Structure formats: structure tokens, C-alpha cells
Amino acid sequence: MSTANSVARHYGSAGLAERVLAAFREANGVDAQPTPEALAPFDHFHGRGVLATQELAAQLALRPGERVLDIGSGIGGPARWIAAKFAVGVTGVDLTPEFCAAAEALNAATGLADRVTIIPGSALALPVPDGAFDAAYSQNVIMNIADKRGFYREAFRVLKPGGVLALSNLCAGNGETLIYPVPWAESAATSFLATPEEMEADLRGVGFEIVSFHNTTKDVEAATRRNRERLEREGLGPLGTHLILGERLRQMQINSSLNLEQGKVATVEALVRKPR
Ligand SMILES: C[S@@+](CC[C@H](N)C(=O)[O-])C[C@H]1O[C@@H](n2cnc3c(N)ncnc32)[C@H](O)[C@@H]1O
């Protein structure tokens, strides 16, 4: 099986939007209207949830009406949240067909289908024209992709001159073998981590200028440790991204936290610009 198929198989399952909406109604009442804010506990599928999306989006300095690309958009939580908050149009591209279908259903449920467009496809061959976007972002996606330069080259191609790309990446730490499974992979077969130094070299290599580049491992490790302690004490709660991956997410999140604590994984937040 190709890496892309294995990755999509790892993430996808039937009935995702129905599960998220059922949990939302259980928590908020049957007549409650789903909004990007109210769905945030379920549909931002990365460490630190909507808070991480908020921090990432702030770096993009978006203006109303701009066109924004979400590379690896998952079930669309960040895209809806950003579209609603900044009055921009967001296009999400994702490899996993079930995630794209769920994103479209949730776009419709939140009344954002006219502002958030989902296109199934690969980050390595983005199904969008050259120079189409004012800004782009990608959160916790590139760890599933071996060809890092291919990913950055495509992002560079689709940005307008002067356009910015915000990245939240999982990176390699001390080179030791990870504890698996992790939320993004069952095994090393679909996990590809570059070091922060390699990440910076790859970004410069395709032509990006570095605006900011921060190793955020310490803060992310502290947040995931708190989450791990809660998971070990209480297990999975009623709300959360385990609605996406199921009960297996508990052990995956615990392992993720241990990998960070043991220095096996690092995290980087970066903002880069395509020169004018
Ligand atoms: C951990 S999820 C993050 C989803 C979303 N960015 C978020 O933060 O909510 C990783 C996502 O990357 C997508 N992905 C992995 N490899 C990809 C590729 N080559 N092209 C496009 N999407 C990919 C997966 O389908 C999945 O939706």
C-alpha cells in the first residue's frame, strides 16, 4: 500500500460528522446551533486545540476578504474558525476522503459552506493554481510526509509574491526511536520527522524567507504532560478529538507526551514569506 493510502486509512472512518454533531448536541442540547467556537473541542485535531490555531492564525495578520489555504485541513475545524473570525475565504486540501466529507458536512452545519471550500488531494500536488493565495498554514501535517521539500515547494507555488505560510510542525528530537502508536501513525512506516535545522534548510531551499522560527517543545511538552496526567487519571472525557480516531487516541496521546518528555520529538512554529 502507498504511504498516502496508509495515512488516509490511519485517519479515516465512516460517520465522522454524525459523531461530532451527536456529541455536540449531547453537550449543548438538541436545538443548539453548531458554531466554529462550539465545535472547537472536537474539530481542531492537533495538540493544544483551538488555542494553537488562534496563535498560528494571529501570525498571518489576515485582512477581510483574503484567500487562505489550509494544507492538510483535517475535518475543517481550524478552517471554519479562521474563516469566521477573520472574514476570509479558506480552502482546505486534505488526503483523507472521510475527513473531507466530514469537513463539508460540518461546513454546511455551521453555515460556512460559502466561505470554506474543501478539496480532496495531496499536499505534494496541491489541486489549486499558482499564486492563488494571500496566506497559507499547516498544522501537524508534515510528519506524515517524507518529501518535505516537495511539500514546501508546493506551498511556495500557490502563494502570491509576498504571501506568508505559518507552520506548526512536529520535528525530530534526539534521533531515538519513538514510542508508537502516536496520533499521526501506528508505526514508523508513516511517520517522517525532520530536525528543526533540516526544516529551516528545506524552507530556505525552496525560496522562502524566514520571518520567525521558534522551537516550542518546552511549552508543548508541558501542555501534553498535563493532558497525559488527566488521561491516566480520568481516561477520555465525553468531548474531544477521540471522536475522530476513537478510543485508541488515549494511548496515542500518552505516547506522544512521553516522546516529547524523553526528547524524541520536538515542535516548531514558523512563519515564512515568499519574496515579492
Ligand atoms: C493530525 S491531522 C491535522 C488536521 C488539521 N490540520 C488540524 O489541525 O485539525 C493530519 C492531517 O494531515 C492530512 N495529511 C497527511 N498527509 C497528507 C498529504 N500528503 N496531503 C494532504 N493531507 C495530508 C491527514 O489526512 C490529516 O487530516
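## A helix pair and a covered strand

Helix H7 passes helix H8 in a right-handed crossing. This comes from a predicted model.

**The helix pair.** Two packed helices are described by the angle between their axes and the distance between the axes. Take the angle and distance here. H7 spans residues 148–158, and H8 spans residues 196–206. Their axes come within 9 Å. They cross at roughly 45 degrees. That angle makes H7 oblique to H8.

Which residues of H7 meet H8? They are Lys 148, Arg 149, Tyr 152, Arg 153 and Phe 156. On the H8 side, the partners are Met 199, Ala 201, Asp 202, Leu 203, Gly 205 and Val 206. The residues of this contact divide into 6 nonpolar, 1 polar and 4 charged.

Now turn to strand E7, residues 265–273. Is E7 mostly covered or mostly open? Mostly covered: 8 of its 9 residues are buried.

E7 pairs with strand E5 and with strand E6. The table sets out both pairings.

| Partner of E7 | Partner residues | Bridges to E7 | Direction | Residues standing opposite |
|---|---|---|---|---|
| E5 | residues 159–172 | 9 bridges | antiparallel | Val 164 and Arg 273 |
| E6 | residues 209–215 | 6 bridges | antiparallel | Ile 210 and Val 272 |

Look at E7 from its own side. Arg 273 of E7 stands opposite Val 164. Val 272 of E7 stands opposite Ile 210. E5 runs antiparallel to E7, and E6 runs antiparallel to E7 as well.

Key:
Residues are numbered from 1 along each chain as its sequence is written. This is a predicted model: local features need pLDDT of at least 70, side-chain atom pairs count only at pLDDT 80 or more; totals for chains, interfaces and linings use all residues. Side-chain values use heavy atoms; hydrogens and water are left out. Axes are lines fitted to C-alpha atoms, for helices over the stretch in contact, and angles run from 0 to 180 degrees between N-to-C directions. Helices (H or I, at least four residues) and strands (E, at least two) are DSSP runs, numbered from the N terminus. Angles under 35 degrees count as roughly parallel, over 145 as roughly antiparallel, 65 to 115 as roughly perpendicular and the rest as oblique. A crossing is left-handed if the near helix is turned anticlockwise from the far one by less than a right angle, and right-handed if clockwise. Contact means heavy atoms within 4.5 Å. Ala, Val, Leu, Ile, Met, Phe, Trp, Tyr, Cys and Pro count as nonpolar, Asp, Glu, Lys and Arg as charged, and the others, Gly among them, as polar. Buried means under 20% relative accessible area, exposed over 50%, partly exposed in between (1.4 Å probe, protein chains only). Two strands pair if DSSP finds at least two bridges between them.
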